[in-house]
Amino acid sequence: MALISLEGAPEDALARFRPAFARATESRDIAASEEPAAAYRLRGYLTAYASAEGATRFAYVFDVFDRNGRRARRLTDEVAVTGAGDPWTLLDDRALAAVAARGADELAAFLSDTPEAIAAAAGAESGVTIAAATRGEPTAAPTAARPLGFAEIK
């Protein structure tokens, strides 16, 4: 994944968000790469606004594009903080980390369900089957089957 652009916020907020987002994605095992080698490219947009209930909301939109430039997914969410005034002055490190974490969580969820991830999981040699399905008639239960029981504690 390559973060190719990030816009919408004042430059100082963007400068603080980039490393927070990089830490958040790294902690979720999202591999960062340079744009030419990346399977997915991310364009980010940050915004802040005062909501009707008196909170300030920081929102993001991440558009995820595949190698062919087609948008594969749009990820959006927001974080509310209390306070009034210029919304960008309320973007402290905690709120910034929360926005970065939510974006990284959504990105990780998307990337774990891509065709590449599914193929990699299917070819993995971990010996763990996550799910399997077969078609056909259901198999009959063995006739000697007994209900489960619990051992007595002594």
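Accessible areas come from the Shrake-Rupley method with a 1.4 Å probe, and on that basis the chain exposes about 10600 Å², of which carbon and sulfur atoms supply 53%. The structure is a predicted model, with a mean pLDDT of 79 for the chain and values of 70 or more for 80% of its residues. The chain has 154 residues, of which 31% are buried, and it holds three helices and four strands.

**Overall layout**

- Read from the N terminus on, the elements of the chain follow the order β-α-β-β-β-α-α.
- Among the contacts in the chain with a separation of 6 or more, 63% are between residues 24 or more positions apart.

**Confidence along the chain**

- Among the elements of the chain, helix α1 has the highest mean pLDDT, at 93, whereas helix α3, which covers residues 115–123, has the lowest, at 74.
- Over residues 125–143 the pLDDT stays under 50, and the model has zero contacts beyond four places in sequence for this stretch.

- Just after α1, Asp29 takes a positive phi of about 60°.

**Asp63 and the arginines around it**

- Asp63 lies in strand β3, and it counts as buried because its relative accessibility is 4%, which is under the 20% cut-off.
- The side chain of Asp63 makes a polar contact of 3.4 Å with that of Arg71, and another polar contact, of 2.7 Å, joins the side chains of Asp63 and Arg74.
- Leaving aside neighbours within four places in sequence, the residues in contact with Asp63 are Arg41, Leu42, Arg43, Tyr45, Arg71, Arg73 and Arg74.

**Salt bridges**

- The model contains nine salt bridges, and one of them joins the side chains of Asp105 and Arg28, with a distance of 2.5 Å from N to O.
- That pair links distant parts of the chain, since Asp105 is in helix α2 while Arg28 is in the loop between α1 and β2, 77 residues apart.
- Both partners count as partly exposed, with a relative accessibility of 41% for Asp105 and 27% for Arg28.
- Arg41, which is also in contact with Asp63, meets Glu35 in a salt bridge between their side chains, at 3.8 Å from N to O.
- In this pair Arg41 is buried, with a relative accessible area of 13%, whereas Glu35 counts as partly exposed at 40% relative accessibility.
- A further salt bridge, at 3.3 Å from N to O, joins the side chains of Asp66 and Arg70, and Asp66 counts as buried at 16% relative accessibility.
- Salt bridges that share partners also join Asp63, Arg71 and Arg74 into one network.

Definitions and conventions
Residues are numbered from 1 along each chain as its sequence is written. Side-chain values use heavy atoms; hydrogens and water are left out. Helices (H or I, at least four residues) and strands (E, at least two) are DSSP runs, numbered from the N terminus. pLDDT is the predictor's confidence in each residue, from 0 to 100. Contact means heavy atoms within 4.5 Å. Buried means under 20% relative accessible area, exposed over 50%, partly exposed in between (1.4 Å probe, protein chains only). A polar contact is a pair of N or O atoms within 3.5 Å; within protein, one must be able to donate a hydrogen and the other to accept it, and residues adjacent in sequence count only if both atoms are side-chain atoms. A salt bridge is a side-chain nitrogen of Lys or Arg within 4 Å of a carboxyl oxygen of Asp or Glu.
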